[in-house]
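Here is a short briefing to read with the model open beside you.

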Amino acid sequence: MFDRIARVYDRMNSVMTAGMHHRWRRRAVDLAGVGPSSRALDVATGTGDLAIELAARGASVIGLDFSERMLEVARAKAPAIEFVQGNALDLAYPAASFDAVTVGFGARNFSDLDRGLAELARVTRPGGRVVILEITSPQRPPLSWFFRLWFDRAVPALGRFAGDPDAYTYLPSSVRRFPGPEQLAAKLAGAGLEDVRWVLTAGGIIAIHAGTRRG
């Protein structure tokens with residue numbers, strides 16, 4: 001599915017978010033706290049936008065994804081960044097390899113979320129940061145009403161226009177089954193992170209979680 005939508009993925013993101021997804025990624029990188037001496041891993045990198053933002057802060061970055069077509073788009077956008085195919089549930093890196101590990105709009109696609117979070121924490125050095133940027137379901141009207149209308153009706157319609165209705169029907173269903181902010185924070189703590197905090201933005205539609213790897 002992700003291979004199929006790789007060529008329209010960036011365009012659809014911009015349409016669905018009115019271009020705000022770039023701002024959310026910048027906020028996530030702020031929380032990652034990377035700089036010129038940092039080594040960062042962006043898991044489920046997709047077409048590479050979050051990895052590119054990490055690299056813009058001076059970090060040495062690896063972008064990892066299981067979709068080769070997505071990675072082809074990422075490599076074309078940023079040839080200087082190392083983009084590799086890999087499995088988020090079994091990262092091929094030693095423990096404590098990175099100063100920061102990030103996931104942007106990909107954690108809800110993990111087939112085993114707890115195992116994926118444990119892997120993110122494992123490859124982060126003690127004192128390093130894990131940051132997850134994800135869509136979440138607002139609970140209070142009127143935004144909750146708009147969210148359901150947009151995600152359940154408008155997004156699948158956009159998917160039909162883009163030529164892949166199945167992929168954009170999957171999107172709202174994956175958001176609905178993903179843990180809410182408090183539940184995700186508890187899972188991050190259980191994976192070995194401390195000082196887990198989250199920021200809600202875009203009226204509560206976007207949650208950015210960050211935690212520090214325990215020593």
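This is a predicted model: local features need pLDDT of at least 70, side-chain atom pairs count only at pLDDT 80 or more; totals for chains, interfaces and linings use all residues.

Residues are numbered from 1 along each chain as its sequence is written, and side-chain values use heavy atoms, with hydrogens and water left out.

**The sheet**

- Seven strands in the order β3-β2-β1-β4-β5-β7-β6 form an open sheet with mixed pairing; helices (H or I, at least four residues) and strands (E, at least two) are DSSP runs, numbered from the N terminus.
- The edges are held by β3 (82–85) and β6 (193–201), each with a single partner strand, so one side of each has no neighbour in the sheet; strands pair if DSSP finds at least two bridges between them.
- From one strand to the next, the twist averages 15 degrees.
- Strand β7 (residues 206–213) pairs with β6 in the antiparallel sense over 7 bridges, and Ile206 in β7 is the bridge partner of Thr201.

**Helices on the sheet**

- Helix α8 (residues 181–190) packs on the sheet and touches β5, β6 and β7, where contact means heavy atoms within 4.5 Å.
- The direction of α8 makes about 155 degrees with that of β6; axes are lines fitted to C-alpha atoms, for helices over the stretch in contact, and angles run from 0 to 180 degrees between N-to-C directions.
- α2 lies across β4 (98–104), β5 (124–135), β6 and β7, and runs at about 160 degrees to β5.

**An aromatic pair**

- The whole structure holds 3 aromatic pairs, counted for rings of Phe, Tyr and Trp (its six-membered ring) with centres within 6.5 Å.
- One of them joins Phe2 and Phe66, with centres 5.9 Å apart and planes at 55 degrees, so the pair is tilted; planes under 30 degrees apart count as stacked, over 60 as edge-to-face and the rest as tilted.
- Phe2 is in helix α1 (residues 2–17) and Phe66 in the loop between β2 (60–65) and α4 (68–77), so the pair ties together parts 64 residues apart in sequence.
- Phe2 is buried at 19% relative accessibility, whereas Phe66 is exposed at 56%; buried means under 20% relative accessible area, exposed over 50% and partly exposed in between (1.4 Å probe, protein chains only).

**Ser38**

- Ser38 sits in the loop between α2 (21–32) and β1 (39–43) and is buried, at 11% relative accessibility.
- Its side chain reaches the backbone nitrogen of Gly35 at 2.9 Å.
- Leaving aside residues up to four places away in sequence, Ser38 touches Gly33, Ala59, Ser60 and Asp99.

Notes:
A polar contact is a pair of N or O atoms within 3.5 Å; within protein, one must be able to donate a hydrogen and the other to accept it, and residues adjacent in sequence count only if both atoms are side-chain atoms.
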